[in-house]
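Have the model open while you read.

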2 protein chains.
Amino acid sequence: MATTDRIQNSYLRSKVMSADDAASLIKSGDTVGMSGFTGSGYPKALPQALAGQIEAAHKAGDPFKIGLWTGASTGPELDGALAKADAIKYRLPYNSDPIEREKINRGEMEYFDLHLSHVAPMVWEGFFGNLDVAVIEVTGVKEDGSLIPATSIGNNKTWIDCADKVILEVNDWHDERMEGMHDIYYGTALPPNRVPIPMVHANDRIGQRTLRCDPHKVVGIIKTDLPDKNAPFPPLDDVSKTIAGHLMEFLKWEVQKGRLTNKLLPLQSGVGNVANAVLAGLRDSPFHDLMAYTEVIQDGMMDLIDDGKMLCASSTAFGMSDKAAIRFREKLDFYRDKIILRPQEISNHPEVIRRLGTISMNGMIEADIFGNINSTHVMGSRIMNGIGGSGDFTRNAYLSCFVSPSIAKKGDISTIVPHVSHADHITQDVQVIVTEQGLADLRGLSPKRRAELIIANCSHPDYKPQLEDYYERAKKNALGLHTPMLPSEALSWHQRFLEKKTMRA
Amino acid sequence: MATTDRIQNSYLRSKVMSADDAASLIKSGDTVGMSGFTGSGYPKALPQALAGQIEAAHKAGDPFKIGLWTGASTGPELDGALAKADAIKYRLPYNSDPIEREKINRGEMEYFDLHLSHVAPMVWEGFFGNLDVAVIEVTGVKEDGSLIPATSIGNNKTWIDCADKVILEVNDWHDERMEGMHDIYYGTALPPNRVPIPMVHANDRIGQRTLRCDPHKVVGIIKTDLPDKNAPFPPLDDVSKTIAGHLMEFLKWEVQKGRLTNKLLPLQSGVGNVANAVLAGLRDSPFHDLMAYTEVIQDGMMDLIDDGKMLCASSTAFGMSDKAAIRFREKLDFYRDKIILRPQEISNHPEVIRRLGTISMNGMIEADIFGNINSTHVMGSRIMNGIGGSGDFTRNAYLSCFVSPSIAKKGDISTIVPHVSHADHITQDVQVIVTEQGLADLRGLSPKRRAELIIANCSHPDYKPQLEDYYERAKKNALGLHTPMLPSEALSWHQRFLEKKTMRA
């Protein structure tokens, strides 16, 4: 178990208590802001203790529920445990836990997925009501009461600043040598007092190493020694490799045309197989001295840093496999000046993203022939995870690319459809779409030229004739021929899938 | 006619020529970047001369066409004349000319409406190809060859910098005393060389008074004395006044809750009846010391300045009625330090908008029950104008509000629909929806709570039962109950309108 060494402030050392005692400080109806972004840096002991207490309360007839705010997704000990206990009334801003997803899609839980850059300012502006308790996992507490963050920052600064009470989990599992890898910027403000964020390179440090925290707000500290749990990445598949290959060719073309150099521009990459394949593709590319300005540092970015291909990666969280977590510890001193973790209001800030000019690569559920993107809703109604930071990046990127295999569910779903069943990213925010079939460079194209290119280059051969057939009829029969669309048919592919379990005609 | 006094540089004075001679310098296939944003500051003589030459070429069997880029919409002498002459192959980034709109919707013209903040950087980045000629209306030419801008700035700086050749229209109609009201910022760059934009208040001046221009790029100067043509505003109607009243009540509520002060935050307002009603509503409000950070300065903003209610309005263009244009001249010395015109890459820059925290009020074609907004496409396919700057503002605003009457076409169209036929603004970018029926404050609400509120507060009584009926069935039958949506019915209201000329069941 943890020693008290990690808590160097004597006043705060007096606040150490059991997870059960700390959990009992949270009351039904409280809104609780917890740390955590991907399976990193989320509290692990308190949520499980709280889930137990809430289950007991429910058995006793008490309809105990809380509002839960985090950075983004967390691990099974947090979202999973609380969802299983039916403990969450309201959740923001992102979830990928399967139990919680089911509850949300059965209509049993309120969920609001918002742009990750909007969360901290809107909470501070008072748009979502009072934050009662913050529960934050940290690596340690300094003598002056400041906090050494763990493997994610997320909204921790905002939760600590805005909450009435603070509960800490000091987790010995985190390596104390991480101190100094975090960059906490305290220069944000509410309008009319906002000033420029003084960052001009992805690797600029503009803040301080630790989180400020008023010790008198701390009502409990729990000592833990529990690992982060990130889902392992499956090995690279051929489809992902092919998609990555198309994107590499495109980037080389941009260098050849003089629009990029071999240093590219800061990379933002969503999480997933295709993203990892792209990162793997960069290892064997002519590109060098790369930077990342992104939300999550995945295994693939660490590989690039190991290779000397990437100079620095800036994010708000790690999303490391168990294997990468071991490597991270072994080589921590090497990574120290090459990785920066920031609050998500900075990692996702439109001002910084627009200034740096990121190359953004994000996955999608489906794209329509005009280049609108659905990132969140299966068949328009069933939420998968949430919009996350994709909107922060895509509208402000230098190049916004969306990647996906052209089919899903063994070919019963075409990811290129006549009309997205839910729109998260509009055509104006999408410059490039890539599937294993090919790449569509949509820059400057009118809707009809976009449609022709997406159908020709990105759609699966099994669905191409169906898309061509729809589009030809739309060009004849639509009310307007600027964006030829037939309301009677636009969503018929989704309806067919609901009825016949396939989009095939 | 104009004297040569307005051209103080002797080298450039030698470039004066007729509009016909200047137009003949433009060749078929050229991409031409013209000035103009709303009916302000657009070239008036050259486009008409060019239209004449192109009509003659067409009669002679020459398929003469150009690509046309502007700031946003222009006047009938530009877009109207060239569209009538069938002179435009490709148009960006915005159009509101009725002849051109018809051509686009008949599929006879390529049109790409993009975020107005994206235009200048993407052109500079080379994403849309070479710019052959810039045609810029100015108020005068200084001895050092720099240019005094006219009643709009738009993309003029970028067109002058990027074009191979420059043609100027020096328009004596513009008041020379405008010199000094413009603020041309030359600090933008391409990544990785971008730095913070040093603006922290809407009335900060960060640039210079004139446009730089290499005299050796100037191939012709046309002297004109022709008025801007902005559409007159109709008198305020009761529906618009009611909508404005709801919004005023909401803003007062926000002040009462301590989330705003009576100075509010910089206002951004779309163009149109409702926007003008809102501005009129502010005249009789308790709000004071207001600022505007917007695209277009309309009559209503000048009223607020006249009243002493508004300290400063920053925009990229005037959109004054003839009456307001006369008033502007009469009181120019009064307005001089209260109005700033900037390049649209600054007036619409996400960095600045997010920093200032605007209160954004934009019109819409339709909203769906979840709060997605269609700003551009009638029945999903027929473009009205374009997305303009609405996307730049809505995602970065402090508060993003959309306003519209709840019905259109004498009640045959409900502007609140089950599912938008085209999405321009996603729910995450929409905090408030207002119709004459009422206001829906959507902050922090899950999709179902949004739907309940929008149907209850914003829909027209004639359509409310129909919306409730759809939504109740969606909550029973949708695949996912997070965003209950039925693909078989979601666009049926639009289909019904296409078939029966009414959305009524």
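Start with one ion pair: A:Arg355 and B:Glu351 join their side chains in a salt bridge, N to O at 3.1 Å (a Lys or Arg side-chain nitrogen within 4 Å of an Asp or Glu carboxyl oxygen). On the chain B side, helix α14 (residues 350-356) supplies the largest share of what touches chain A, five residues; helices are DSSP runs of H or I, at least four residues, and strands are runs of E, at least two, numbered from the N terminus.

This is a predicted model, so local features need pLDDT of at least 70 and side-chain atom pairs 80 or more, while totals for chains, interfaces and linings use all residues. Residues count from 1 along each chain as written, chains are lettered from A and ligands numbered from 1 in written order, and side-chain values use heavy atoms, without hydrogens or water.

Here's the interface of chain B and chain A in numbers:

| Item | Value |
|---|---|
| Residues in contact | 80 of chain B with 80 of chain A |
| Buried area | about 6900 Å², 57% from carbon and sulfur atoms |
| Salt bridges | four |

Contact means heavy atoms within 4.5 Å, and buried area is the accessible area (1.4 Å probe) lost when two parts are put together, summed over both.

Now for that glycine. B:Gly371 sits in the loop between β16 (366-368) and β17 (373-374) of chain B. B:Gly371 is buried, at 0% relative accessible area (buried is under 20%, exposed over 50%, partly exposed in between, with a 1.4 Å probe and protein chains only). Beyond neighbours within four places in sequence, B:Gly371 contacts residues including B:His425, B:Val430 and B:Ile454.
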